[in-house]
Amino acid sequence: MRGVHITRISAIVLLVIACLLSSHSSCYAALGVEPESIELVANPCTATNGFYSVVNESSESVRVVVQPEEWPRLAVPKDDLSIEKWLKVTPTKFDLAPQERKEVQFTINPPGNHGGELSAMIFFATTSPEGMMNITTRNGVSLYAAFADTMSLKCSIIDIYVNKFEQKTDSGMVYRGIVFTINIENKGNVHLRPLGSIAITGENGSRHDVNIERGFPAYAGGKGSYQVLWDKKDIVPGKYKALVTLDYGKLFNLDGKIYKKISFVVNSEGGVSF
């Protein structure tokens, strides 16, 4: 998933001002980085290598500066786990002509006390003149390195809520279906991105399946919340049962599934009660 740093938002605001002040400005060098996220199981004994592909999608040449940072930001690394100790990125500065593509290599050298996982956000920054000022934008891509010798996967479902979902439009509120809010707790030492499904059965025997897609990571020791829409506009009023299945091990090619059954009632107006 592409992470967009707050300076990018500020830069876009300044960019609008710059474009107003300079009608001949090229206005914003577009930089593409792939993949948006790398999640791997690194070798705990030897270096693990990989790369990102960077392309200048604009019509102007750009200077790119690569800036790896600890992630998530709330994590305070110990001296032996600071990002400079385990992650090397090359090159860190380079120029790209219009439509030119370049590979940026990374090497993970895990320190002895690496824990279950090390993670970083790697920002690719460009600065370009816009009118009377310089505009800096940063594209962030994530890197997660779990270690098979120490990783521990533990996940639990805290609770599940089911609510009517309506969306405000120019013509008023429009009924979109029912949304399931699934709250989980990550009790392991690596990040999780659960996938899964919701099997819904009506009292009239109807059967409906809703996929749970990849979402924002739930970090080690933290919690995560996922909203899943059952986008059926003509849900028949009545009693329903649902089996929620979360697969939190698939990301690491490991077994790890949890299940939770719930019941709810849909009224004639699409409202939900338990």
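Guide: A charge sits over a ring if NZ of Lys or CZ of Arg is within 6 Å of the ring centre and within 35 degrees of the ring normal. This is a predicted model, in which local features need pLDDT of at least 70 and side-chain atom pairs count only at pLDDT 80 or more, while totals for chains, interfaces and linings use all residues. Residues are numbered from 1 along each chain as its sequence is written, and side-chain values use heavy atoms, with hydrogens and water left out.

Visitor: Which residue has Lys102 over its face?
Guide: Lys102 is placed 5.9 Å from the ring centre. The ring in question belongs to Phe94.

Visitor: And at what distance from the ring centre of Phe123 does Arg138 lie?
Guide: Here too a charge lies over the face of a ring, with Arg138 above Phe123. The distance from the ring centre is 4.0 Å.

Visitor: How are the rings of Phe180 and Phe264 arranged?
Guide: Rings of Phe, Tyr and Trp (its six-membered ring) pair if their centres lie within 6.5 Å; planes under 30 degrees apart are stacked, over 60 edge-to-face and the rest tilted. The search of the whole structure finds seven aromatic pairs. For Phe180 and Phe264, the centres are 5.8 Å apart and the planes stand at 80°, so the pair is edge-to-face.

Visitor: How far apart in sequence are the parts that Phe180 and Phe264 tie together?
Guide: Strands are DSSP runs of E with at least two residues, and helices are runs of H or I with at least four, each numbered from the N terminus. Phe180 belongs to strand 12 (residues 172–186) and Phe264 to strand 17 (residues 257–266). The separation between the parts is therefore 84 residues.

Visitor: Are Phe180 and Phe264 buried or exposed?
Guide: Buried means under 20% relative accessible area, exposed over 50%, and partly exposed in between (1.4 Å probe, protein chains only). By that rule, both Phe180 and Phe264 are buried.

Visitor: How do the rings of Tyr240 and Phe264 pair?
Guide: Their centres are 5.7 Å apart. The planes are at 15°, so this pair is stacked.

Visitor: Which residues form one aromatic cluster?
Guide: Tyr240, in strand 16 (residues 238–247), is 24 residues from Phe264 in strand 17. Both Tyr240 and Phe264 are buried. The cluster is made of Phe180, Trp230, Tyr240 and Phe264.

Visitor: How many bridges join strand 4 to strand 8?
Guide: Two strands pair if DSSP finds at least two bridges between them. Strand 4 (residues 48–56) and strand 8 (residues 101–108) run antiparallel, and Phe51 stands opposite Gln105 in strand 8. The number of bridges joining them is eight.

Visitor: What is the bridge partner of Val89 in strand 8?
Guide: Strand 6 (residues 87–90) pairs with strand 8 in the antiparallel sense over four bridges. For Val89, the partner in strand 8 is Phe106.

Visitor: What is the N to O distance between Arg193 and Glu39?
Guide: A salt bridge is a side-chain nitrogen of Lys or Arg within 4 Å of a carboxyl oxygen of Asp or Glu, and the structure holds seven. In the one between Arg193 and Glu39, the N to O distance is 2.5 Å.

Visitor: Which residues are linked in a network of salt bridges?
Guide: Glu39 also meets Arg214 in a salt bridge, at 3.0 Å from N to O. Arg193 is buried, with a relative accessible area of 5%, whereas Arg214 is partly exposed at 43%. The linked residues are Glu39, Arg193 and Arg214.
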